[in-house]
Amino acid sequence: MHELSLAGGIVRLVEDAAERERFRRVSLLRLEAGALSGVEVRALRFALEASVPGTCLEGAEILIDEPPGTAWCLGCSQSVEIASRADACPSCGGFRLQPTGGTELRVVDLMVHDD
């Protein structure tokens with residue numbers, strides 16, 4: 001379950017930002033885990049909830065957006081939405097797709113407090 005190591009990295013990233021920017025706690029953490037990122041969102045949420053006690057994220061609301069995957073079809077020269085890297089182009093049925101979006105796992109924003 002690589003989501004546990006991803007959660008640890010996210011917590012370290014936020015803790016480093018707290019030290020650098022001098023805030024004490026986070027009330028909201030918003031992440032983005034695209035459909036093509038290879039991240040199981042439920043497992044990531046579980047791993048985050050297990051990783052935050054004792055950190056500045058303790059008690060924070062965690063929102064995880066799941067943008068769809070998008071790709072450029074080399075066969076029909078169209079931008080298409082796909083759910084998996086193994087999907088065929090919904091327009092032409094071809095498999096020559098270059099992912100263009102939904103591949104990211106990133107911190108979108110934080111609501112922080114310095115009290």
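First, the ground rules. This is a predicted model, in which local features need pLDDT of at least 70 and side-chain atom pairs count only at pLDDT 80 or more, while totals for chains, interfaces and linings use all residues. Residues are numbered from 1 along each chain as its sequence is written, and side-chain values use heavy atoms, with hydrogens and water left out. Helices (H or I, at least four residues) and strands (E, at least two) are DSSP runs numbered from the N terminus.

The sheet. Three strands form an open sheet in the order E2-E1-E6, with mixed pairing; two strands pair if DSSP finds at least two bridges between them. Strand E2 (61–65) and strand E6 (105–113) stand at the edges with a single partner strand each, so one side of each has no neighbour in the sheet. Strand E1 (residues 25–33) pairs with E6 in the antiparallel sense over eight bridges. Within E6, Val112 is the bridge partner of Val26.

Next, helix H2. H2 (residues 41–51) lies across E1, E2 and E6, and runs at about 160° to E2. That angle is taken between N-to-C directions, from 0 to 180 degrees, with axes as lines fitted to C-alpha atoms, for helices over the stretch in contact. Contact means heavy atoms within 4.5 Å. The buried residues of H2 are Val41, Ala43, Leu44, Ala47 and Leu48. Buried is under 20% relative accessible area, exposed is over 50%, and partly exposed is in between (1.4 Å probe, protein chains only). The buried residues of H2 pack against helix H1 (3–21), E1, E2 and E6. The face turned away from the buried side of H2 carries the exposed residues Arg42, Phe46 and Ala50.

Now the charged pairs. A salt bridge here is a side-chain nitrogen of Lys or Arg within 4 Å of a carboxyl oxygen of Asp or Glu, and the count comes to five. Back to Glu32: at 16% relative accessibility, Glu32 counts as buried. Glu32 forms a salt bridge with Arg106, with the closest N and O atoms 3.0 Å apart. This pair links strand E1 to strand E6, 74 residues apart. Arg106 is partly exposed, at 42% relative accessibility.

A further salt bridge joins the side chains of Arg30 and Asp65 (2.8 Å, N to O). Arg30 lies in strand E1 and Asp65 in strand E2, so this pair ties together parts 35 residues apart in sequence.
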